Each structure stands twice: as structure tokens, then as C-alpha cells.
Amino acid sequence: MGFRQVINQEQAKEFLKSSISLSRVANGYLFHGPRGVGKSTTALAFAQGLNCEVEDPEGCGVCTSCRKIARFSHPDVTFVFPTSSKNEYEEISRTLKERSEDELFVHAFPHSASIKIRTIQDLRMSLASGVREGKRRVIILAYAERMTQDASNCLLRMLEEPPTGITFVLTAPSRHRLLPTIVSRCQAVRFVPLAAKEIEGVLLDKGVATPSEARIVARLSDGSLSTALDLAEQDVVEYREESLEYLSKIGTREPTEILEVAEGLAASRDREQVRRFVRLSLLWLRDVLLVKYGAREADVANQDMMEALRAEASAIELAELRKRIDILDEIVSSMERHVDLSLLLSSSFLRLAGIVEEPRQPLGTERQING
Ligand SMILES: [Zn+2]
């Protein structure tokens, strides 16, 4: 535990450590940045640093206080996150137990989970007792963007009249997902996506992926360690085989068959699976492009298939390769706009096969002639 356990995020860590050493601790912090890059681990490390018995701003990790915080059993450190069941305290304590026992724990909850007003009201009541046995009470609200409107307003009142000796740490993907009045009362601390190399290193260290899987997974995870740990549990090499098979089929089929392939794919998988499938194809084609430009084995993601990459690189024209990469790129970005998956795949696959040259212009965007 402690700041040493947090990968990268040097700026955030330095800032927080110096606020501990200089005793300039704010009442509210907002840790913002992508999912799975270490925000809540850093919040816990911050709580350790603030309460460490040997006054190690990094959190020594061995004193009673540091160890209690790591086990989520310190009475001055409260960790709250969205819940979906009626019995939220039971859900919270069960999840925290799992988290303290499994260092590769990935927090997952249904889309409907929220931080409810009752939880914030109970918190407010409990804060009346002040600091219990440590130096500072730390309230961590993870995924704070999932607070209900009522819960946000209740928290806002606490931030407006902050009780002494208490620090709130909110984590969220972006500042814009919270009430501006809450944001303005918190010190913002930015968290950055992790580099693929860093994620690859963790996956190998923890022994959760083979070297070839780790390379691919790290490059599909958008800088998020939790996404990578999730992906590492799936057979990404098998998915790659499958996506390459589809890719090669598309080029050799008749239009009606291509449409069948697209519709079949859209019907049989959920959006996330289709997205992963397209991104694996994209990762492959980018490797082909790199090899075409003379990249070596160390530069590509699909290192274990160097021979096949070389063969494809010499067989495909540069312009054709670029066109395919662009089309797959467009699929990935269009998917974020909740378009009809089957339509999107059908039109994109026809373009990939060279049957349709240009995408049909959406209605209302025709080029103006005298405009
Ligand atoms: Zn300590």
C-alpha cells in the first residue's frame, strides 16, 4: 500500500505528499481522470500518509494505522462507492473485503448503481463525532459522479461548512460529471492514462498474462489498468484469430454475404465485444503498416505473429492498408455515438470490401453548392 504502490501519476503523488509534509491539507479533493488508473488507490495512500503513526507522508504501510487503512478497518477512513442493492452497507463491506484480499481486484457494478442520499446523510451524522483515533478523518467517495441529485446536494452542504479535521476525496472520470458547486469547493488533482508499457509490465509482474497476451491487452486497454485486468481474463489470442478470420472473409465475399456477416456479428455480440473485435483488427492492421515502414519485432503489438505480419505487409498496397485502417477507426468512433450497430457494420464492411467507395452522407449534410 501507500503511494509507492500507485503506478505512474507522479504529479498527483508529489502534490499530495507535499500537502501532507507542509500540513496544507484541503477539506475537499477531486481526483479526476480515466477509470482504472489508480485514483482510489491513491486516495487510500493519501489517507495513510495523513494518518501514518511514523509520519511518513508516503504511508509507511507497516504501522497499525497504515495497516488498518489497507484493510478498510480504520474508524477514521470511510470508503463509499455506488451500490445497487437495498442493503448498501452489506454490499460495501463485502466488496471492501474482496478488495483488501485481492490486489488485482477490479471494481464492477451495474449501470444502475448509485451513491444514495441516505448514505451521505449517515455519513454526515457520523462526522459529528469528529476524529476518532487517527489524525484526520478521510472520506473517500469513489465514482462520485454516480451520486444522486439529492446526495450531491447533501454533500455540497457539508463541503460548504466543512467540519474540522475532515477531508473528502471524490473520484470521478471528469470534472464535468459533478455539480459545478461541488467542483469549486474541491482541489482538483488530475490523473493520466497509463502507458501501454506500464500496463504490460504490471500484467507480466502479476503473472496474469503471457508475454504475447500482455502486449495486446495493454494496447487495447486505453491506458486503464482495470480494463487491462478485465481483458486479461479473457482469451484475447482467440479473439484475435477470430477477428482476423472475419477480416480476411470480408475481402473475398459477395455483397449479400458481407451483409450477412455484418448482421450476424451485430446480432451475436454486445457492443463491447464488437468494439474489442474491431480494435483487435485495427491493432493488427496498424502492425502491418508499421512492418511496411520497416518496424522491427520490438515495435509491434502482435509480436508473436511476425511472419504473418510480414507476409501481409508485402501483399497489400499502402493506400489500401490506410483505407482499411481509416474505416476501422471510423467504426470505433461511430460506436461511441450509439448508432445502429448492424447498419454501421454493414456499410463499413462493404467499404472494406471495396464494394462501396464512399460512405453515404447522412441526411442534411449534403454539400452546399453555392453556400
Ligand atoms: Zn504508517
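1. Let me start with Glu58: at 19% relative accessibility it counts as buried (under 20% relative accessible area; over 50% is exposed, in between partly exposed; 1.4 Å probe, protein chains only). Please keep in mind that this is a predicted model, where local features need pLDDT of at least 70, side-chain atom pairs count only at pLDDT 80 or more, and totals for chains, interfaces and linings use all residues. Residues are numbered from 1 along each chain as its sequence is written, and side-chain values use heavy atoms, with hydrogens and water left out.

2. Glu58 has a partner: Lys17 forms a salt bridge with it (a side-chain nitrogen of Lys or Arg within 4 Å of a carboxyl oxygen of Asp or Glu), and the closest N and O atoms are 2.7 Å apart. Lys17 lies in helix α1 (residues 10–21) and Glu58 in the loop between α2 (39–51) and α3 (64–70), so the pair ties together parts that are 41 residues apart in sequence. (Helices are DSSP runs of H or I, at least four residues; strands are runs of E, at least two; both are numbered from the N terminus.) Lys17 is buried too, at 14% relative accessible area.

3. Now for helix α8 (residues 196–205), where Glu200 and Lys197 sit three residues apart, about one helical turn. Their side chains meet in a salt bridge of 3.8 Å, N to O. Glu200 is buried at 9% relative accessibility, whereas Lys197 is exposed at 55%.

4. For the overall picture, the chain has 16 helices and five strands. Of its 371 residues, 46% count as buried.
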